[in-house]
Structure formats: structure tokens, C-alpha cells
Amino acid sequence: MDTPQPLYSAESVRELDSRTIAALKIPSIALMKRAGRAAFNQLLRRWPDVRRIQVFCGGGNNGGDGYVIAALAAQKQIPVTVCACVDPQKLKGDALEACDYARREGVQIVTSPTGLDDADGDTAVVDALLGTGFEGELREPIGHAVERINRSPGPVLAVDIPSGLSADSGAAADAVRADTTVTFIGRKLGLYCGRGPALCGEVIFESLGAPVEVHGGLESLARRFDGASIRRLPPRAADSYKNQFGHVLVVGGDSGFGGAALMASESAARSGAGLISLATHPQHLPAALTRCPEVMAHPVISGQELEPLLEGPDVIAVGPGLGRAPWGEQLLARAGRAEVPLVLDADALNILAGGRVLAGVRRDDWVLTPHIGEAARLLGWDTAEVLDDPRAAALAVQQKFSGVVVLKGAGTLIAHDAGVDLINSGNPGMASGGMGDLLTGVIAALIGQHLSPLEAARLAVWLHGEAGNCAAGDGQRGLLATDLLPYIRKLVD
């Protein structure tokens, strides 16, 4: 397996810059020129037919990278204009040297967006306004420049990070919306979580020749996993039998909410679990037998009726369609005492947040799978607080309840005792009802097949997202959760 990618804070990336300069024994301006050339080469690779380039430069090193890009464009005889949002006479150090480099190449520099011609579809726009040190809200004239960039009909390339995006958390209010982001030296967490996936476009990493050893001993905020770095299920032996691959019990589906529990059950079955049981409201029994007769569906009207069903399964998934009425509370209270791993989702999390059921319980063998709103309820935070720092929220939920916490999003964060993992998979078409129910079933099935809760969470999040990508081959809008089931089956094998 490949090694997961470390994701750093802005402070750690500054340390990597210093270490790289020392290790390569080069002046800092040389590293800046490497960064500018790497970004310029990616611009030409992505948009080889570009006719003009506009570069928006700030006053720091990020702006210096922009001046280098402009100089290189002039050398290629591509018409280029720099919009300097910080007076070039106030520049210092490497940024000033880079600006002088652009001037020597004959680059036109204006000091206000009003001095630019209107961009058209053949004009590439480069965002080199703010670097990784930015936090908070945009101030003028940067805010006006960001607005101008976002109005451009042509492609937008962000240098290192889109201006306005927090490198540490992925938070952003007003920010550049890039088609491509070229980032350097170390990957920043904020590119991959929070608003990052929506603002960065394609993220291209350039090491700039930094030796691997410069990363030694440097703590990361998270580790980014993909299909090549996640443990997969082993092949099955020729003499395998069903009891070797786990018995999953799904608990949920109060009156009127049976679909969620049915989808979780079927996704567990399609993910390879050997046996699936479903404890649900009696009115959903005919639908369960019709939809997936392989699922052993049991009608339950109270927590007491659930009790005998808790003796057989190897893992229990609670929450899809559970509701918040006394029926759901009773079932969660009983299931929560079972001595097998648990996966909690949806209303199981909302009941848990209420504090009446499983109050103060911490378990090392459960997986909690909140979305942003559910995480806020579990913590007693505003939703905006979770959105502003999803990593901190995931860690806070894990510290409060223990186990493994899967904070779902475009960059899903998995918090556990040893830190935070991040997985980017899936697409916007998956923003529809039932997707979380499928994920719950996949996690439970993988635990039943002898993966640890953490390993199961990692693989399930990746499988779920990749299945969504496969299912979206005919378009993202109108994508249904059940559209993913055939692809989950293929990918899990």
C-alpha cells in the first residue's frame, strides 16, 4: 500500500520552506522562482491555447510567485498584465526582487483592477493575492480583486491556495473560486476539507525538489488516504461460508421512515456481509421482504422485543430512519448495551445528543457518522462553528464519545485516538437523501468482515465515494442512493 499524504498547517509549511532552502542550499528567491515556474507550466499544460494572462498580486511571497509567472509569460511573448493590489514601491525582499524581474521582462503593471481590460474566455487569470498565512475576512482592495477574479469568464489558477481560504481549517467567506490550484512544498489541510474542495478545483502538488527528509519530525494536522493507501479486504478462500463474514443487524425504520433502514440493510449485503438482520417497525416488513428477501426482517414494537435479536449479530448499525420518538429511544438504549461494535448514524446521533439515552457513554468500538448538523448537535455548537473548523469539530466529538468519528463532507474527516484522517471521494450529486444510510451499512459490513472500526471507516468512505463517482457517469443531478449499490458491490471485491 502507498503511504497516506500528510496535510500540514500554514506554520508547518513555512517550516518546510525554511528546511527546503537550507537542504538545497539555495537563496529563497530561487525557491520562489521554482514555484512560479511550476505554476506557469501547469497553466500552459491545462490551457495551452490561452491568449492573454492577468495576474493579481499581493504584497507577500504569494505575490512574488505571481510576478515570476508574469515574467515567464512575457518571455513566452504571451500578453500579460499584473494587477498589483499592494503598491510595488512598498514591496520588500523576494517579492520586490520578483517584481523587478517582471519589470525587466516588460510586464505591464497596474495598481487597480479598473486598469485592466475586461477578461474574456481566452484570458487566464492567476490569483497570487494571499498566501497560506491568511485568516479572517478580506479587506480592500483585496476584496474587490477577488470579486473581479470570480467574474472572469476564463480559467482561474490559484497560486498555492485560493485567496480567502484558510490553509488550516478550510474556512472561507469571500474567496477566489479557482479551476486549478497549484500548491507547493507541503499539502495544506484547508485545500481538502471545509470549503477547500469547492474553491480549489483540481489541486496539483509541486514539491519544488524538496528532499523527503525535510518532512522528518514535522507534525501534520491530518493524513490523506486514497484507494492506494487504504487496507482492502483479502480474497476469499474457496471453502468460505457465510458465517465467516459477519452478521450485521440494522436497527431503524420507525413508522413512515422504513426506506432508510432498508437501504442500510441492502448496502451491508452488497458490501459482502454474510448475514443481514433488520429490526424495524412492523409496517415495513412487507416492503423489506419484497425489496431484499435476503435480509432477515423482524418486526419490533419495543426495546424489549429487540432484546433477543441482540444475541446473534457481530455488529449493529443503529439510526437509519430511527426517529426521535420513544420507539427509537428504546431501541437505541437496548442496542447501546450490546457487547459488539456499533455504527451510529442519523437519529441515533440526534438521540445521543439529547442526553437522555446512553448519557456519558464512551466506547472504543463504535463508529459515529455525523454530518455537519449532527456534529453541531452532539457538541452543542452552532453549525457555523463546525463549518469554520471541521477538523476541530471531528476531534471534539471523538474526545467526547471516544471510538471513531466520521464527519461527512466533500472532504470527509475520520477522527480517532491517534489523530485525523481525510478522504476526498464522491461528487456533488451525492448530496441527496439516503446516501448516509448506505455508508452506515457499508461500515457495518466491513466491521463484520473483520476490519477494525477505523479500517472499516476508511475503506467504507472511499468505497462509498467511488461508487458515487461511477454512478454519476450519466450525470450527477438526479443521482439516487440506490444507484450506488451495483458499484459498491464491484468495488468492494
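In which sense do strand β11 (residues 275–280) and β12 pair, and over how many bridges?

Analyst: Strand β11 (residues 275–280) and β12 run parallel to each other, and four bridges join them. This is a predicted model, in which local features need pLDDT of at least 70 and side-chain atom pairs count only at pLDDT 80 or more, while totals for chains, interfaces and linings use all residues. Residues are numbered from 1 along each chain as its sequence is written, and side-chain values use heavy atoms, with hydrogens and water left out.

The elements named here are DSSP runs numbered from the N terminus: helices are H or I runs of at least four residues, and strands are E runs of at least two. Two strands count as paired if DSSP finds at least two bridges between them.

Another set of paired strands involves β5. Six bridges join β2 and β5, which run parallel, and C57 stands opposite A128 in β5. β5 also pairs in the parallel sense with β6, over three bridges, and V125 has V156 as its bridge partner in β6. Six of the six residues of β5 are buried, buried being under 20% relative accessible area, exposed over 50% and partly exposed in between (1.4 Å probe, protein chains only). The cover extends to both faces of β5, with T123, V125 and D127 buried on one side and A124, V126 and A128 on the other.

Salt bridges are counted where a side-chain nitrogen of Lys or Arg is within 4 Å of a carboxyl oxygen of Asp or Glu. The model has 16 of them. One joins D117 to R52, with the closest N and O atoms 3.8 Å apart. D117 is in the loop between β4 (108–110) and β5 (123–128), and R52 is in strand β2 (residues 52–57), so this pair links parts of the chain 65 residues apart. D117 counts as exposed because its relative accessibility is 55%, whereas R52, at 24%, is partly exposed. Both residues belong to a network of salt bridges that also includes D120.

K188 and D160 form a salt bridge with an N to O distance of 2.7 Å. K188 is in the loop between β7 (180–184) and α6 (196–200), and D160 is in the loop between β6 (156–159) and β7, so the contact ties together parts 28 residues apart in sequence. K188 is buried at 0% relative accessibility, and D160 is buried at 10%.

E329 and R356 also meet in a salt bridge, at 2.2 Å from N to O. E329 sits in helix α10 (residues 326–335) and R356 in the loop between α11 (347–354) and β15 (366–368), 27 residues apart. E329 is buried, with a relative accessible area of 16%, and R356 is exposed at 62%.

K33 lies over the face of Y101, 4.6 Å from the ring centre. The charged end of R236 is 3.5 Å from the centre of the F245 ring and sits over it.

Another arginine, R458, is in helix α16 (residues 453–471), and at 13% relative accessibility R458 is buried. Beyond its neighbours within four places in sequence, R458 is in contact (heavy atoms within 4.5 Å) with R223, F225, I230, I414, H416, D421 and I423. Between R458 and G121 there are 40 Å from C-alpha to C-alpha, and the two are 337 residues apart in sequence.

Terms used:
Lys NZ or Arg CZ within 6 Å of the ring centre and 35° of its normal.
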